[in-house]
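Please examine the sequence and model below. The report that follows treats side-chain packing and strand pairing.

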Amino acid sequence: MHFVVCIKQVPETTDVKINPETNTLIRDGVASVVNPFDVYAIEEAVRLKERVGGKVTAVTMGPPQAEAVLREAIAMGADAGILISDRAFAGSDTWATSYTLSAALRKIGDYSLILCGKQASDGDTAQVGPGIATHLNLPQITYVRKIEEIAEGRIVAERLLENGCESIESPLPCVLTVVKEINEPRLPSLKGKMAARKAAIPTWTAADIEADRKKLGLDGSPTKVVKIFTPPAREGGEVLQGEPHECARRLVELLKETIIAANA
Amino acid sequence: MSDPIWVLSDKCVGCKLCVKACPFGAIEMEGRLARIDLAKCTLCGACVAACRFEAIEMKQKAAADASDLAAYKDVWVFAEQTDGHVESITYELLGEGRKLADDLGMKLCAVLLGSQVQEQARKLIERGADYVHLVDRPELAYFQDEPYAAVLIDLIRRHKPNVVLSGATTIGRSLVARVAVSVNAGLTADCTGLAIDPETKNLLQTRPAFGGNIMATIITPNHRPQMATVRHKVMKEAVADPARQGQVLVEAIAGQILKSRTRRTAFVREKESTVNLAEANIIVSGGRGLQKPENFEILREFAEVVGAGVGASRAAVDANWIPYSHQVGQTGKTVCPKIYFACGISGQIQHLAGMSSAEIIVAINRDPDAPIFNIATYGIVGNALEILPLLTSEFRKALGK
């Protein structure tokens, strides 16, 4: 089977601030990493390969330096990486991003299962996974916490819902988005790191994936960011003083009405 | 010119105004000429507006034909229901949707999909809907991605709504991401603020990014409908008015639309009734400071007395003290309760990303320098294991339990 993982390069921390004087994002010293949710998707793909055989391909769309996340995926056990990169992709929102990735997946062609992290830690939209499924007209199982069965042409996975957990059976190919609970990602092995260093990573442009230019980048993105700002900082309040039982009583006084109202 | 944005070298004077204006640090000076790093640029246009010399040009999308957009009317709310019970997020959306519809001079509509849910339509009208599109079919008894998406797509194509709102829930996010791609609509995730631009009548969608450290306002200028998912507990629930009148429009749907390639083979309800943290008004969360899994019982006891859901930090979940479904924070759930008790949680940035929008934050921690105190409304410096039983007994007395 061919497992394809779609991953994204993101800033290592979400602790980004806007410099109030220059109104710019302060990115100094912030490294780029694989989106933390995608690491679970990579791990799950590698485990599936170990379970049923096949190969794992990691795909990312981004600037040339995003190649680094593909090497990390290879270090974890992916067999190949493909960088989707073109200036025409600049300004893509989730519509255009999922379209671009789906065009690359069409070129790959023989995928059995497409895996994504549940969302990216910078944008937090959770829209690209279902977007890819829709562009490719594939079924989807989102928020997967466990793959129960996988066989030729069929998968059963557990989806985490707000009020419980459901098992869903889907034909293959389909798109999964996975949550952290699904596994504990491995650290790259020495062999994996060697493979990652040596791997030749092809870059596919808009022309290579035969994409419709009108659906790429700015032109293909219905949404537009008009303003970016820092939310007002939350300030610390009152630290209650005194013996523990005094603090407890004081807190009751402070919160009693709110708690009664919240439970009404 | 294949680049989407470019600097005109004959007009740029090297004043660096654009460098300052760029929120993404994407512009650098090369000698006396500004250079835009397309890898960092998001085409937000801040530099174009800031340049006094008209030296930066950006590819403009052809504006949509106004008459095309004018055909799209009314504000729709996807009415999420489980087992025939309308979820509270729906009432929050109706509260917000009512304002938007009034500002647009349009009607508010709820879209209700389910099986034997006719009676729920009345509730949606009481909460502000002018009319309800009802699709009542056995195939829609519970959420399934494909039939739900197909029905919503069909309704949108037939009726052309201007705005479509859904909760940023597991179901909402899975559903509308499919719908938006199919109907070629813009979709903004996880909004915490919505408003109508008085001039353009565009929906201004404000949402947190980077775990809440940055806010962005997003529009969909040339596509309709304008679609958004909205975070739980941010908007105020619409108050029910039993006297309100409205129409229930029963929609006929072609059978083939209801087909699903996926099939639910089992469903296990989470035993703990308080686990739906997104809906909880009060959350009591425990972290590493609880020291061992058994001590979560002390926390649970307190949670029960104050009627709270039980949350946890990543540290407690990773130590297998409590299941992942309780995890609050960047890799867990984002919550917005009235009161959040952080017990033995130091307040790592990843945890704060999931709970810092709570109305009141109470922090109990032994370390007076723990970052959680920087955002706590009320703090108690002390051992959570010692404080929690005191709180349990004091609140039990005060609440008459």
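In this predicted model, F395(B) touches L251(A), V252(A), L255(A), I259(A), F302(B), V305(B) and V306(B), leaving aside residues up to four places away in sequence; contact means heavy atoms within 4.5 Å. F395(B), L255(A) and F341(B) have the most contacts inside the largest nonpolar core, which has 44 residues. Such a core is a set of buried Ala, Val, Leu, Ile, Met, Phe, Trp, Tyr and Cys residues joined through side-chain atoms within 4.5 Å, where buried means under 20% relative accessible area (1.4 Å probe, protein chains only). A second, separate core of 38 residues includes Y40(A), I141(A), I150(A) and I201(A).

Strand β18(B), residues 282–286, is largely enclosed by the rest of the structure, because five of its five residues are buried. I282(B), V284(B) and G286(B) point one way, and I283(B) and S285(B) the other. Helices (H or I, at least four residues) and strands (E, at least two) are DSSP runs numbered from the N terminus, and two strands pair if DSSP finds at least two bridges between them.

| Partner of β18(B) | Residues | Bridges | Direction |
|---|---|---|---|
| β20(B) | 339–343 | five | parallel |
| β19(B) | 309–312 | four | parallel |

I282(B) stands opposite I339(B) in β20(B), while G286(B) has A312(B) of β19(B) as its bridge partner. From β18(B) the chain passes through helix α8(B), residues 296–306, to β19(B) in a right-handed β-α-β crossover: with the strands pointing away from the viewer, the path from the first strand over the helix to the second runs clockwise.

Residues are numbered from 1 along each chain as its sequence is written, and chains are lettered from A and ligands numbered from 1 in the order in which they are written. Local features need pLDDT of at least 70, side-chain atom pairs count only at pLDDT 80 or more, and totals for chains, interfaces and linings use all residues, while side-chain values use heavy atoms, with hydrogens and water left out.

Key: Buried means under 20% relative accessible area, exposed over 50%, partly exposed in between (1.4 Å probe, protein chains only).
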